[in-house]
Amino acid sequence: MGDDAAAIERFRALLRIPTVSRSDPAHEDREAFARFRAAVAGLYPLVHQRLELELIDGGSLLYRWPGLGTGRPSVLMAHHDVVPADEPGWRHEPFAADVSDGRVWGRGALDDKGALVAMLEAVEARLRDGFTPAAYLYLFSGANEETFGGGAEHAVDLLTERGVRPGLVLDEGGAVASDAFPGLEGDIAFVGVAEKGLAGILLTVEKPGGHAATPVRGGATTTLARAILRLEQHPPPARLSAPAAAMLRAIAPRARGLQRRLFAHPVRYRRALARALARRGGEGEAIVRTTRAVTRLTGSAGDNIIAERATATINARIAIDSSVEQTAAEVRQAIDDDQVSVDVQYGNDPSPVSPSAGPEWDRLVGVIERQFPQAIAAPYVMMQASDSRHFARISDTVYRFLPFELSAAERGTIHAIDESIRIDTWVRAIAFFDALVGEL
Ligand SMILES: [Zn+2]
């Protein structure tokens, strides 16, 4: 127990350092990032001494732990930047790392310092015991994951140059989730085998403006509004992808009645399942199709001015069998109006799909099911983009899993107020990384 208490103090010390990523890097506190790196070196002296460290772009950390042999190296990753905690209403100061009600509170407790520090605890203890991994083990911690910065991409460039071809790559992703799926009992450990793509698409309508006292029918805002409605009325096709089918098959034993029968034979019932999930909306719908959320609207600058230019921003999350290009084409087709221009502002295609079978999958899932015996593991497609997508360039087996047991309410605090983790959950994550490192 004394060990755990000391580990928790180290965790709190790192949570207190506000390594906040901002969309404008000029507003970032670079000194906080430097302090964070120094604190990691001080708190984990064996990691610092025995592993070779390279600083990528002046901020992201790439550690290399030489192994005994020349087998496929592995990569464990967890970013150390966090999203801002500026919104009011936190029960505990977001960078105070308070301990109360058996939890540690603070921005980054779940996303993703919780995993990083648990990993460092496990590696430090293994080093203390004189353990050496069978093959090279890399630890990577991005400093700009939340803003889609270049840290991970440049680390992968470097590894590519050196001819490093990792086997297992593990990053944040699914968790050991209770109440994950309506009607399902027990915990499911969701292991991300792919992530959806992302695109920002701008719709623009330009028409003559004028004084608001004498509007003309079909102005810019009306045309834009009609386009937005059509987007919702003509969603992209709903399809059950191979990893979604594999997920349903894996969780079937936890379902009952008709649902169990359908989940157990997802290929046979793929059309019915795709329709049913799409109808559910929210997370169900996001599993089976590209989603499009209209997040921002602009019109004129004044109450009494008719807009000459109206815009809408679409945030699209792209299904794994689609692409940025196809998504833009589907948007144009749904709107079907050449008065609306459709421009892709940024985007990345979905990641490749890692197999939910084979030696790396079996090794990871073996550790998960031993450490969380109440859970069954299931592959799934992550909706968010993570640093790990870059590693798909050099590894066919990239998995996304956060070794935390989390309820839906707890998962809901990620990127929101009151982010916190149960202390016993975090301590079990150290045991998970310890067991995993022991296998590498
Ligand atoms: Zn994260």
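**View 1. The loop between β4 and β5 holds D101.** Helices and strands are named here as DSSP runs (H or I over at least four residues for helices, E over at least two for strands), numbered from the N terminus. In this predicted model, local features need pLDDT of at least 70 and side-chain atom pairs count only at pLDDT 80 or more, whereas totals for chains, interfaces and linings use all residues. Residues are numbered from 1 along each chain as its sequence is written, and side-chain values use heavy atoms, with hydrogens and water left out. D101 has a positive phi of about 55° although it is not a glycine, and its relative accessible area of 65% makes it exposed (exposed is over 50%, buried under 20% and partly exposed in between, with a 1.4 Å probe and protein chains only).

**View 2. Strands β4, β5 and β17 form an open antiparallel sheet in the order β4-β5-β17.** Strands count as paired if DSSP finds at least two bridges between them. The edges are β4 (99-100) and β17 (420-422), each of which pairs on one side only. Two bridges join β4 to β5 (residues 103-105) in the antiparallel sense, with V99 standing opposite V104 of β5. Helix α14 packs on this sheet and touches β4, β5 and β17, its direction making about 75° with that of β17 (contact means heavy atoms within 4.5 Å; axes are lines fitted to C-alpha atoms, for helices over the stretch in contact, and angles run from 0 to 180 degrees between N-to-C directions).

**View 3. Helix α12 (residues 359-371) and helix α14 (residues 423-439) have axes that come within 10 Å and cross at roughly 145°.** From α12 the contact is made by R363, L364, V367, I368, R370 and Q371, and from α14 by A431, F432, A435, L436 and E439. By class, this contact has seven nonpolar, one polar and three charged residues (Ala, Val, Leu, Ile, Met, Phe, Trp, Tyr, Cys and Pro count as nonpolar, Asp, Glu, Lys and Arg as charged, and the others, Gly among them, as polar).

**View 4. L436 is a buried residue of helix α14, at 0% relative accessibility.** Leaving aside its neighbours within four places in sequence, L436 is in contact with L76, L168, L170, L364 and V367. L436 and G366 are 70 residues apart in sequence, yet their C-alpha atoms are 9.3 Å apart in space. Buried residues of α14 include W426, F432, F433 and A435.

**View 5. Strand β6 (residues 137-141) is mostly covered, five of its five residues being buried.** Both faces are covered, with L137, L139 and S141 buried on one side and Y138 and F140 buried on the other. Strand β2 (residues 60-65) is joined to β6 by five bridges and runs antiparallel to it, and L62 stands opposite F140. Strand β3 (residues 74-77) pairs with β6 in the parallel sense over four bridges, and here S74 stands opposite L137.

**View 6. Strand β13 (residues 309-318) is largely enclosed by the rest of the structure, because eight of its 10 residues are buried.** Strand β9 (residues 197-206) is joined to β13 by 10 bridges and runs antiparallel to it, the bridge partner of L203 being A312. Strand β11 (residues 291-298) also pairs with β13 in the antiparallel sense, over seven bridges, and R296 has T313 as its bridge partner.

**View 7. Two further loops hold D112 and D336.** Most residues other than glycine have a negative phi, and most peptide bonds are trans. The peptide bond from D111 to D112 is cis, with omega near 0°, and D112 is found in the loop between β5 and α4 (113-128). D336, in the loop between α11 (324-335) and β14 (341-348), has a positive phi near 50° although it is a residue other than glycine, and at 60% relative accessibility D336 counts as exposed.
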